Amino acid sequence: MRGDFVVNKKLSSLFETHTFSSIAHTIIQEADEGMIVTDSEGHILLANPAFETVTGYTQEEVLGKKPNILRSGLHDRKFYENMWETIRDHGVWKGEIWNKRKNGELFVEWLTIKAIYDAAGRPTHYVAIFSDVTQHKRTMEQLARLSNYDLLTNVPNRQLFTKRLQHLLDMARRYNQQLAILFLDLDRFKYINDELGHYSGDILLKKVANRLKKRLRTKDTLARIGGDEFVVILPKLKDVQEAVSIAEQMIESLQAPFLLHNKDIYISASIGISMYPNDGDDGETLLRRADRAMQKAKESGRNRFELYTAKLDYQSEVVTLENYLRKAIERNELFVCYQPIVNMKTKKIEALEALMRWKQPNIGFVSPAQFIPLAEETGLIVPMTKWLFEQACVHMKAIHQFAPHVKIGINISAVHFQQDDFVQQLSTIVKKHDVHPRFFKLELTESTIMPNAEESVQKLVQLKQCGFKLAIDDFGTGFSSLSYLHRFPIDILKIDQSFIRRLSLYSDDATIVSTIIMMAHRLHLSVVAEGVETEQQYEFLNKQQCDMAQGYYIAKPMPIDEVQQFVQEWDEYINER
């Protein structure tokens, strides 16, 4: 009912007893939260308009009845007994509860019940205030799913794989059991993607995952941790031969062709096997060594498996690349490229992400995907990032001559961030170049800050106090823990490009992107979408009120001497539209 409250005799008495003012009356009517007032026996005396909106019941329909008309049937008798025991002991109860609307639809609400006492301390009335949090709960469930499962193949992702591996390793230590890690990589999968397209490649990955699961035991775990990379945990093994037998079955399962668009597609896989405890005592070591064994399987002809051996630790190509990398800074082989980030509201270039590039005289351009992990593994990432930061300071002064408000984003590795004097290092550099920290966005991944959360909080707070902007990079591919978004002084979320790439193919990805944007805005965070490559992706993000976009649709990374011309041409183009 949207008009005045229907007030019966008991309610009139309540108004007189507690001298309800017209202001209080208005507040109750206009409140977004549903409210009801009952007598001491639980009979409803008052229900406000928000109650009607949420439950579907009018005030006339519930007056004189008890709130149990809303019961969902999901809670047992003990739940309600505990609720009223708390109210009797403390005068108030707060919690989450499932109820049922008039049309039979279930919903979850956050409910507060407060007892009202007379002068003698006896409860005379009860006031219940509630908010419908069903949509919020669904959002949380979607994000929980995002944090633990690969949305394409519906198998665990790296996050859940890591949790399960740690648990199973603890069990193996406790009961003196053996455990195997199988690292599986599809052979020539890039060829299928290039020839048939990413959509067909994604369908194939789903079919592969389904076949592999059928060859595993119930207690085994299959996870997808990369594009065409799967890993398997085999717990409670008697010997290595059990792991070998399952690896053979997995390879055999892929022998039959896959039907894609009425065509038979053949695929094979290379598998590496590492064993606990013989090949390592922790998950990271076992995974790395299974990966090396898989690489050996590929080098040996593919469509086969290899067991890890200590000989695989020696990799001459990696050693050579590491030697080259150690001399890259002093030989001026590194350089910086900048990728523009556009503000989707103003259409202006708001920031530039600084990206390190390497051209080695003997081998040419080396992919960042190849040298960055090597730099992190060897610790060279620290001097390389400091060099990048120095270059960005110099370039920023030049950029501000024609674009005074543009910021520069710098990727920070976990190895560098964990150094005790990390904050002091950056502060020293900006002071040296007389550049204000507010023009820098430090981009950290979830896996960088989560392992040592308490220490991370302190460092992030110090960085914020210095003036730096903070961004979570590749959001959605790591822990995706909601708790740190509240605890950490974050300014920006960058949605990983894997979700953006599949926007036009999968409705689930579109839903997740929309959910992340909505959640971030509610937490007063800005959102950057990475990997925007098409107008369709850009327009979808624009409709979802995404704040910024980055990707080839805007521009590819470019050397510093091309930035001014690009920004000026971009501004001219925007002004003409």
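A salt bridge is a side-chain nitrogen of Lys or Arg within 4 Å of a carboxyl oxygen of Asp or Glu. The structure on display is a predicted model, in which local features need pLDDT of at least 70 and side-chain atom pairs count only at pLDDT 80 or more, while totals for chains, interfaces and linings use all residues. Residues are numbered from 1 along each chain as its sequence is written, and side-chain values use heavy atoms, with hydrogens and water left out.

**First stop: charged pairs**

Side chains of opposite charge can pair when their charged atoms come close. By the rule above, the count of salt bridges is 19.

Select R304 and E306. Their side chains meet in a salt bridge, with 2.8 Å from N to O. Is each residue buried or exposed, where buried means under 20% relative accessible area, exposed over 50%, and partly exposed in between (1.4 Å probe, protein chains only)? R304 counts as partly exposed at 34%, and E306 counts as buried at 16%. Next, select E353, E443, K494 and E530, which salt bridges with shared partners join into one network.

Move to K102 and E61. In this salt bridge the closest N and O atoms are 2.5 Å apart. K102 lies in the loop between β3 (92–100) and β4 (106–117), and E61 lies in helix α4 (residues 59–62), so the pair ties together parts that are 41 residues apart in sequence. Helices (H or I, at least four residues) and strands (E, at least two) are DSSP runs, numbered from the N terminus. Both partners are partly exposed: K102 has a relative accessible area of 44%, and E61 has one of 27%.

Now select D118 and R122, a salt bridge whose closest N and O atoms are 3.3 Å apart. D118 is partly exposed at 26%, whereas R122 is exposed at 53%.

**Second stop: the nonpolar cores**

In soluble globular proteins, nonpolar side chains tend to be buried together. A nonpolar core is a set of buried Ala, Val, Leu, Ile, Met, Phe, Trp, Tyr and Cys residues joined through side-chain atoms within 4.5 Å.

Select F389, F440, L463 and L541, the residues with the most contacts inside the largest nonpolar core, which has 86 residues. Then select helix α14 (residues 381–399), which supplies the largest share of this core, 10 residues.

Centre the view on F440. Which residues does F440 contact (heavy atoms within 4.5 Å), leaving aside its neighbours within four places in sequence? Among them are F389, A392, M396, I408, V430 and K469.

Finally, select A180, A247, L254 and I271, which are included in a second, separate core of 33 residues.

How values were computed:
Contact means heavy atoms within 4.5 Å.
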